[in-house]
Amino acid sequence: MLDVRNLCKSFGKKPFLTELTFQVAAGGCLVLLGRSGAGKTLLLNILATLVEPTSGTVSIAGVDAFANLKQVRPSIGYIPVAFDGYPELSVVDYLNFFAAAYKLEKQERASATEAVLELMDIQHLRDVKIGVLSTGERQRLLFAKTFLHEPQLWLLDEPLTSLDPSGQVEMVELLGELQAMGKTVIIATNRLEDVSKLYNTDSQRENFIGILNSGRFAVFKRFSELQREVTEADSPSSNWFSGIFLEVTKT
């Protein structure tokens, strides 16, 4: 579903991403991990078609994204790490605004809005202004807004960082449901603990881990394959993944 080939991005003469090539199928998940400044958010912005690469291609469902922006953008849902906009809008007005922006027919907007309010369990917040929502409630609203146009490719920047423990459990369940629906999910994080939370589920899914270091993939593998390699090589400790991360991101 997502096919990235020889992707490079430089600003001036300084390279930030170098020769990235990877594929993630429908129903698959890729967790991008790396230290701060490794290029995770930049890569998400490129995949979201918000930043054009210096070279290389990004194809979504077989379509060259940057050569066909109008065609591919409706298939992309991007949820950034921060959400500070529209503080004076109510939740329902915000959703109605984006339903119109996504060109839903007028008669469809009300039913679509009600459907995503129920899906994200925020019906009780419909008339509340965005400015007074908690971080977790804003996260749910962003998901509700994204569900309005039913994208195939979901891009999430630090989706667990600002949530309390129960919110993190709910988020992991929701991400699993997206995969079950055949969505492709790309997640950026710099927290090692997020990886075990996200991948402590069905190992049969196409779940990849990509560790970025200095703009390149130091590791790109199925998470289950990486875990199996460690198990076969040694008796892994509970923090086996931390050891791999520290080893491959040494400067």
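A pocket is an open set of points on a 1 Å grid over the protein atoms alone, where a 1.4 Å probe fits, with protein on both sides within 12 Å along at least five of seven lines. Its volume is the space filled by probe spheres set on the points, which are joined across faces, edges and corners. This is a predicted model, in which local features need pLDDT of at least 70, side-chain atom pairs count only at pLDDT 80 or more, and totals for chains, interfaces and linings use all residues. Residues are numbered from 1 along each chain as its sequence is written, and side-chain values use heavy atoms, without hydrogens or water.

Start with the largest pocket. It holds about 430 Å³ of space. Its lining has 23 residues, each with an atom within 4 Å of a point. Met120, Arg140, Gly167, Glu170 and Met171 lie nearest the centre. Helix α6 gives the most to this lining, seven residues.

Now follow α6 to a sheet. Helices (H or I, at least four residues) and strands (E, at least two) are DSSP runs, numbered from the N terminus. Helix α6 covers residues 165–180 and lies across β3, β7, β8 and β9. It runs at about 150° to β8. Such angles run from 0 to 180 degrees between N-to-C directions, using axes fitted to C-alpha atoms, for helices over the stretch in contact (heavy atoms within 4.5 Å).

The sheet is open, with six strands in the order β6-β7-β8-β3-β9-β10 and mixed pairing. Two strands pair if DSSP finds at least two bridges between them. The edge strands, β6 and β10, each pair on one side only. Inside the sheet, β3 and β8 run parallel, joined by five bridges. There, valine 31 stands opposite isoleucine 187. Helix α9 lies across β3, β9 and β10, at about 35° to β9.

What about the interior? Nonpolar side chains tend to be buried together in soluble globular proteins. A nonpolar core is a set of buried Ala, Val, Leu, Ile, Met, Phe, Trp, Tyr and Cys residues joined through side-chain atoms within 4.5 Å. Buried means under 20% relative accessible area (1.4 Å probe, protein chains only). The largest core has 49 residues, and Phe241 is among those with the most contacts inside it. Apart from that core lies another, of 30 residues, including Leu7 and Ile60.

A second open sheet has four strands, β2-β1-β4-β5, with antiparallel pairing. Isoleucine 60 has valine 63 in β5 as its bridge partner. Helix α1 lies across β1, β2 and β4, at about 120° to β1.

Terms used. Buried < 20%, exposed > 50% of the residue type's maximum accessible area, 1.4 Å probe, protein only.
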